[in-house]
Amino acid sequence: MQRRELLRMMGAGLLLWQTPMVRAGQPRRPKLVWVLLRGGMDSLHAVIPGFDDHLVRHRPGLVDSQLMTQRPLARGFALHPALEGLYAWYQRGQLLPIVAVASEQRSRSHFKAQDILESGVYPVDHDSGWLNRALAAHQGQGLALAHSVPISLRGAPLGTTWYPSQFPNAEDDTYTRLLALYQDEPLLSARLEEALATREQLQGAVANPRQRSFADLAAACGSLMGQPDGPDCAMLEMGGWDTHNNQASRLSRRFAQLDAGLVRLRQHLAASWEQTAVIVATEFGRTVAENGTGGSDHGTGTALLLAGGAVQGGRVLGEWPGLGHSDLFEGRDLMPTSSMQAWIGAVLGQHWGLSAAQLQEVFPGVQPAATRLLRPTLNLKPDQQSRRRL
Amino acid sequence: MLDKNVLPASIATNRFGLGARPGDIEAAAKDPQGWVLAQLQTPEFSPGLPDLEAAWKLLVQDRQQRMAARQNRAVIKAPVTASMAAAPKSAATPASTTTSASTPTTTSMPPAIKAAAPAAGEDPLKSLHFELLQDGLVRSIAAEHSFSWRLLDFFSNHFSVSANGKVLQVLAPLLERDAIAPNLLGSFEEMLLAVSRHPAMLLYLNNERSFGPDSRLGRNRKLGLNENLGREILELHSLGVEGGYTQADVRELAMALSGWSVARLNGQEKPGFVFRAGGHQPGARLLLGKRYPEAGEAQAEHMLRDLARHPATARHVSFKLGQYVVSDSPPVELVDAMTARWLATGGDLREVVTVLVRSQSAWQQPQQKFKTPREFVVSFCRACKFRHLPPRLLLNSLTGMGQRPFAAGSPAGFSALASGWDGADALLDRVDWVARLAGRIIGEPVALGVTALGPQLTPPTRRAVMRAESREQAMVLLFMSPEFLRR
């Protein structure tokens, strides 16, 4: 038996991107890409507050005038020079930095802070992620470019994973028999079915299915999401942000890689880019003052980057707390003035039309930001509602 | 005669040991618990491989060669400035690498690895890196006392370092040989000290250039503190993130550790750990409410000794160990008993592990641990007697599955939990991996299943294996069976 037939018989197609027939003829669905920068990206080095005289005093070895002036943003901020593609988006109104944000619950531990950011509830529930809960409300499907399901997407079975494989495929019949062997193993059988269905879906969609740099993964992500029945959201991860030393040169490289990846994401999303919102976040900011080794240590306040054709960008949001000593959080970190979850909640409300009650499921106890973040013309709410009634 | 022991014997060899080799289950059936306890012997690596001193020589040589090459280029390109370029200004910097870092990525996202296998005629540092990695893997596949190798994997991951960059690619694998293995069945205190003083850890967590703001180096040369090692010792290595420490404690430990550094790679200093008194923050420190008078190098040592015996450390490490061996949610009474033994013995690891082995709750069916890629590959090779599989193929396999040794990319190490490894894509990768090697396995599939799993081999798997359309397919079904994926 051919695997294609098998999958059809077992309904694996339905398991993956549900409801292709329901969606046919509908306008393109709003896409969300969640990019998690693991390691604590130094926001003061990305969205640089050049107007704040304290900055140079805190970081004499990290900032220079070129950094502060080359890519000017609103309100006297500047974007890091290596973020070239993102800056072009900003100029077209497709990038929206939000400064001085932090998670509702804080930790200077990478792992705890990442868990908080991914789960979106506190105490952390490692089996339930905010993106999964949002997808459940939106009745959508998700994809993680990872070997295993990250916390953000854990929960109800609404998503799957894909990561470039190094091994040639086994024979179809062997998969069939394994699925039969797993009949009393709901988890193993569901996972194997998902993986086979994703592979099926991917045939031909990804140009280089064995490459795994961030840019390659971002490109694959764009190809998959841009397909007619592609997932509604995807999660990308990128490490290498824990710059305790040699920060200036390390971040220049890292920003260039991030930038290249997001540009490729856009290219491969093609027309879907216009309906896409990208959220780039990190678990915490870093100390305002540089440390003894040309880097910075774990801090608190950071920045959120929203990007995409659906975003109403070209401005910088977030109340600026100042960098004077008494302005700092615990005398060392950027003081957060707004909640990361409040902004993400607002994106979900405006992009996917989630109601206040649904947003309480996603981020319990969080009041979504009232600011408009996305272009109003792309709010597909009426269509979505009619679709949901089907 | 020993029927009642056959199931415990398969647990002894698969849950405690790294997987049954042919004959192991029969051997363990005489006394499964005793069989496991007899395995508590210090793991031994291949004797011929370079130690820290020899590795250091290579690093010094490599550095000299690179400097000479740079000088030659400078002479050719710009003869006027050649004398300036020749001034060894970097000779004053400790053995640091620009790529040493502590970058958490998920276990599911391994750092990109450029070359999975070395090419012929490559540089000696890279060859040494591969030799060390292969030796650890090959030895655990062949290990007679594989429970101790499991424990070594646990502590090596507890003190995870990533082999990033020229220097750490050879130093990272030495950490488990020099600092962990010799203390594996001794006191945790000595292990924590040995690890914290090892150049791999000092470089990985950026302590080699962390100097007190009021130290001589701090004042005169504007060098300063780096909190990374201090924080990870408290959060990951000892108390645990809920262990009751504050940001002030992180800073105090980092201050005490300032000056704990690494020899320069100029061939002048003795290899390894160096205490730079001129970089040590002077004065008494307050950690977890206790005052530590100024004692130079020994100040941090006193703190580490206290941390190793702290009740939060005892619980944190006991919990992780129970979680590693027995279940993602280890029984509370098991963790309590291990913690109590830790506190009673001052952290004697042999004693703590013995409590684990003697606990009934560690021997329960059903299998609760989903094998990590390393556990899967090692147990597969043990069952198939794959001693001579090319080690590079094994390393490439682990890279492909996201668990290349010393590449966790995060000081928290690899996940030990099912959720880190049982994703859809990861499962499919395993099927394809076994399918690729299935043709090399010698033996009759059902018999192989019995020697590897004993009574844990289920009737449905046995049937599926017998009905397979080819031997190779039978092997895939056997090794991808639920009972072989778990332990």
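## Helices α11 and α12 of chain A

In this predicted model, helix α11 (residues 214-226) of chain A and helix α12 (residues 247-269) of chain A have axes that come within 7 Å and cross at roughly 20°. Because angles under 35 degrees count as roughly parallel, α11(A) is described as roughly parallel to α12(A). The crossing of these two helices is right-handed.

On the α11(A) side, the residues that make the contact include Phe214(A), Ala218(A), Gly222(A) and Met225(A), while the α12(A) side includes Gln257(A), Leu262(A), Arg266(A) and Leu269(A). Sorted by class, the contact of α11(A) with α12(A) has 10 nonpolar, seven polar and two charged residues.

## Helices α21 and α22 of chain B

In chain B, the axes of helix α21 (residues 445-453) and helix α22 (residues 459-467) come within 9 Å and cross at roughly 150°. Since angles over 145 degrees count as roughly antiparallel, α21(B) is roughly antiparallel to α22(B).

From α21(B), the residues Pro445(B), Val446(B) and Gly449(B) meet Thr461(B), Arg462(B), Val465(B) and Met466(B) in α22(B). The residues of this contact divide into four nonpolar, two polar and one charged.

## Where the two chains touch

Between the chains, 55 residues of chain A are in contact with 56 residues of chain B. On the side of chain A that touches chain B, the elements giving two or more residues are α7 (110-119), β6 (159-161), α9 (172-181) and α10 (186-202) of chain A, and α10(A) gives the most, with eight residues.

By class, the residues on this side of chain A divide into 19 nonpolar, 23 polar and 13 charged.

Key. Residues numbered from 1 in each chain as written. Chains lettered and ligands numbered in written order. Predicted model: local features only at pLDDT ≥ 70, side-chain atom pairs only at ≥ 80, totals over all residues. Axes fitted to C-alpha atoms, helices over the stretch in contact; angles between N-to-C directions. Helix = DSSP H or I, 4+ residues; strand = E, 2+ residues; numbered from the N terminus. Parallel < 35°, antiparallel > 145°, perpendicular 65-115°, else oblique. Contact = placed C-beta atoms within 7 Å. Nonpolar A, V, L, I, M, F, W, Y, C, P; charged D, E, K, R; others polar. Left-handed = near helix turned anticlockwise from the far one by under 90°.
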